[in-house]
Amino acid sequence: VEYWNERYQVDKDCFSWYQKYSGFRHLLTSEFLSSGDVGDSPNAGFPDRKSARVLIIGCGNDDLGESMLCDGWEGGVVCV
C-alpha cells in the first residue's frame, strides 16, 4: 500500500496500462456493438451505451471510466 500511495503522490498524471479510451472507442461504439438484437449477430442482446453496466477492475488512476461517462455510457461505470 505504501508503494502505491507514494507513487500517486509523486506521479499525478493519469496512467493507462493499455491505451487511452480514444484509442479503442471505435471498437466499443461501432456498429458491431450497437446493433443489439439483429438476428444472428455475434452481439445479439448486447446492451448499448445507455444501458450497459461496466466494471473496470484494477483501474488505478486511469481515466477510462470518466472518459466513458463523458461519452454517454449512462448505464453505470464502476472502477475498482
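Start by selecting Phe 15, in the loop between helix H1 (2-10) and helix H2 (21-28). This is a predicted model, so treat each stop as a computed view of the chain. Check the surface of Phe 15 next. Its relative accessibility is 31%, so Phe 15 counts as partly exposed.

Then jump to Cys 70. Here relative accessibility reaches 67%, so Cys 70 counts as exposed.

How many disulfides are there? Zero, when a disulfide is taken as a pair of cysteine sulfur atoms within 2.5 Å.

Zoom out and switch to a cartoon view. The protein chain has four helices and two strands. Follow the chain along its sequence and the pattern reads α-α-α-β-α-β.

Next, show contacts. Take the contacts between residues at least 6 apart in sequence: 40% of them join residues at least 24 apart.

Finish with the surface of the whole protein chain. Its accessible surface comes to about 6,000 Å². Carbon and sulfur atoms account for 55% of that area. What share of the 80 residues is buried? Buried residues make up 21%.

Conventions:
Residues are numbered from 1 along each chain as its sequence is written. This is a predicted model: local features need pLDDT of at least 70, side-chain atom pairs count only at pLDDT 80 or more; totals for chains, interfaces and linings use all residues. Side-chain values use heavy atoms; hydrogens and water are left out. Buried means under 20% relative accessible area, exposed over 50%, partly exposed in between (1.4 Å probe, protein chains only). Contact means heavy atoms within 4.5 Å. Accessible areas come from the Shrake-Rupley method with a 1.4 Å probe; for residues, only the protein chains shown count as cover.
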